[in-house]
Every structure is written in structure tokens, then in C-alpha cells.
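This report describes the fold of a single protein and then turns to selected local features.

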Amino acid sequence: MLLSIAVRVMIYLGSALMVYNIISYQRFFAQLVRQGGWNGHRAVLRLPVVLLVMFLLGYLAVGIFGNPDLIVSGILFGGSIFVFVILMPLRRIIDHIKANEHLQAQLVSSEESNRVKTSFLASVSHEVRTPMNAIIGLDNLALGDPNLSPTTRDYLEKLGASARQLLSLINNILDISHVESGHLVLQNDEFQLRDAVLPLCAEIRSRCERKGLSFALEMDEGVEGACIGDMQKLTQVLESVLDNAVKFTDAPGSVRLAIRQTAGFDDYSTFSFRVSDTGVGISPEYLPKVFEIFSQEDASSKNRFGGSGLGLPIAKNLVELMNGEITIESEKNVGTTVEFTVTLK
């Protein structure tokens, strides 16, 4: 008696589970159709439904009209469980594929958007840089007139300073677009490291004097001699670091640059550039973010000192391209020290 009841229970539980399987597959079928791409193949998707319905009818026929034993009922019940187990991972696999396709589409769209943005920035930067160079050149020619009134000369000097600042921003935008696209390349030209550094230091010294700061330069004898590398990019990094030092230091503070040869092997030498200032410094919380693009410690400092937040991120990328590294140490209201190394032939 108990065996007969167990057989009947297994038959009807298997039938109920098969009904659930049919409903579940119908939902799965509808999901596939909504995703598209199955036109002309829907008959293939409907075939399992037909088979499952026939399986269910067989269940009911055996349960109502047959006289199944424990083995037959166990096989039928196991068939329902097998279909249920197969459908569960199948649905999850389809959901996973759908999610991956969505992410892939978003990635392609994002890459295309970045490509268009980079192309636009590069094009606009090139177009704007040409007239800016003309403005700076004409401003320098005008300042050469000995008959200028003091007021006009002051206007022209401020115009030149603003134009150079704008040109620097344009160059930074162009460089960051090249960095993001991976198109930033270095030149390999022969140059004298001392000759590359001294004109920049003369300009920085002049800026320090106008601001009431002291400037000190220490250069080892090992810096003498010719090097092969990208002089323009090297001076760009050094100028960016020195510019920050002057910008964020108030009178009667000081800025100091030390250049040393730290290593040599075969035909290559590693040089260290260490810039120290007694400026406002950087808080410990913000220090890890200084090399992030468009990073500014707070809005008040941006309004007071200006800047785009591109200088140090670009400098870091250029230094790493020159097989070097850049580090920064700072203490709030005490000062900042930035040191970077480059390896040149």
C-alpha cells in the first residue's frame, strides 16, 4: 500500500514539475525572441516545448491508466528533475551572454566617444596654437620698441604673460589627448643638458625675483656633455615642476633646483632633478591624488593660484616614457619637494 502511494506521488510530482518546466521554457523562449536574430528559426525553439508536452502527457497517461512500479515512476520523476536542472544553467548562461554583450556595446561606444574627443582636442589645439604663437611673437616685437610708454609696456608684458599661459594650457590639452590615445612619442636628438636647463632657470629666476622669492641652482659636473633624447619634453617636465614651485610659494620663500648624475652604465646616464620649495604644501589626504588628471586640492587654491590640473599628470607620463620615475613629498604650510629621474644616452 505504501509503495503504491509512493509511486503515485512520484508520478504526480513529476507531472507538476514538468508543467513548471514547460512554463519556464516558454519564458526562456520569449526572452530569446525578444533579443532578436531568431527569425526563421522559431520552429527550432518551439520543438522542445512539443517534446516536453508529450513527456507530460505520457506522465499523466501512465499515472491515470497505467500500473507503474517504483522503477518506472522513479525514471519518470528523474526525467522531470533532469529537465529542470538543464533549464536552470541554460537560462543563466543566456543572461550572462546578454549582460556581456551589453557591456561590450557600452565599451565600444565609450572607445568611439574617446576617439572622437581625442581627435577633436588635437585638431582644435593645433588650430589655436598657430595664432597664439603669432600673438606671442608680435608681442615680443612690440616690446622691443624703445619708444613705448611705461603704461603700454606694462600692457604688452601682461598680454604676453597671458598668451604664454594660454599656449601652455593648449599644449597640455594636446599632450593629454596624445597620452590618452597612446600616440605620445619621444624624439631622439643630441643636445647639451646644461644648455637646455640654463635658459629655463634664467626665466624662473626672473619670475622669483618679481615675486620676492629666492632661487638657487645646483648642478653637478656630471651634467656636462652631450645627451641624446627629447630635450623639449625634458624641459617641459622641469618647467611644469618649477612653475608649480613658484606658483605655490609666497614671499619671502625660496625655490631650489638640484641636478645630479646618479648612475651610469655603458653609454647611458641617469639624472636626478630635485625641486624644493617653501610653499603652501599639500595635505597628506590629497598627496596620493596629485598625479590624477584635472586634480585640484580645493576650489580656493584653484581660484588663488590658477592651473588646469594637467601639469603633473603629463609630467608623470613623460618621465615614465623616458625610463624614469617621479616622486613627491610635501607637508602642509612647510613646503614641497618633487624629484624625478630620466635616463639619457
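Of the 345 residues in the protein, 34% are buried. The coordinates belong to a predicted model. The accessible surface amounts to about 20300 Å², and carbon and sulfur atoms contribute 59% of that area. The secondary structure consists of 8 helices and 7 strands. Among contacts with a separation of 6 or more, 72% are between residues 24 or more positions apart.

**Helix packing**

Helix H6 (residues 231-247) packs with helix H5 (residues 193-211), the two axes coming within 10 Å and crossing at roughly 20 degrees. Because angles under 35 degrees count as roughly parallel, H5 is described as roughly parallel to H6. The crossing of these two helices is right-handed. On the H5 side, the contact is formed by Leu193, Ala196, Val197, Leu200, Ile204, Arg207, Cys208 and Lys211. The H6 side contributes Met231, Leu234, Thr235, Leu238, Glu239, Leu242, Asp243, Val246 and Lys247. Sorted by class, the contact of H5 with H6 comprises 11 nonpolar, 1 polar and 5 charged residues.

H6 also packs with H8, at an angle of about 145 degrees and with the axes 9 Å apart. This crossing is left-handed. H6 takes part through Lys233, Gln236, Val237, Ser240 and Asn244, while H8 supplies Gly311, Leu312, Ile314, Ala315, Leu318 and Val319. The class count for the contact of H6 with H8 is 6 nonpolar, 4 polar and 1 charged residues.

**Backbone geometry**

Which residues are joined by a cis peptide bond? The bond lies between Ala251 and Pro252, with omega at about 0 degrees. Pro252 belongs to the loop that runs between H6 and strand S4 (254-265).

Two asparagine residues have positive phi values, as listed below.

| Residue | Phi | Relative accessibility |
|---|---|---|
| Asn323 | near 60 degrees | 62% |
| Asn333 | about 65 degrees | 65% |

Asn323 is located in the loop between helix H8 (311-321) and strand S6 (326-331). Asn333 sits in the loop between S6 and strand S7 (335-344). Since exposed means over 50% relative accessible area, Asn323 counts as exposed at 62%, and Asn333 counts as exposed at 65%.

**A loop residue: Val223**

Is Val223 buried or exposed? Its relative accessible area is 0%, so Val223 is buried. This residue lies in the loop between strand S2 (214-219) and strand S3 (226-229). Leaving aside neighbours within four places in sequence, the residues in contact with Val223 are Leu193, Arg194, Ile259 and Phe271. Val223 and Arg194 are 29 residues apart in sequence, and their C-alpha atoms are 6.6 Å apart in space. One of these partners, Leu193, also belongs to the H5 side of the contact between H5 and H6.

Technical notes: Residues are numbered from 1 along each chain as its sequence is written. This is a predicted model: local features need pLDDT of at least 70, side-chain atom pairs count only at pLDDT 80 or more; totals for chains, interfaces and linings use all residues. Side-chain values use heavy atoms; hydrogens and water are left out. Helices (H or I, at least four residues) and strands (E, at least two) are DSSP runs, numbered from the N terminus. Buried means under 20% relative accessible area, exposed over 50%, partly exposed in between (1.4 Å probe, protein chains only). Contact means heavy atoms within 4.5 Å. Accessible areas come from the Shrake-Rupley method with a 1.4 Å probe; for residues, only the protein chains shown count as cover. Axes are lines fitted to C-alpha atoms, for helices over the stretch in contact, and angles run from 0 to 180 degrees between N-to-C directions. Angles under 35 degrees count as roughly parallel, over 145 as roughly antiparallel, 65 to 115 as roughly perpendicular and the rest as oblique. A crossing is left-handed if the near helix is turned anticlockwise from the far one by less than a right angle, and right-handed if clockwise. Ala, Val, Leu, Ile, Met, Phe, Trp, Tyr, Cys and Pro count as nonpolar, Asp, Glu, Lys and Arg as charged, and the others, Gly among them, as polar.
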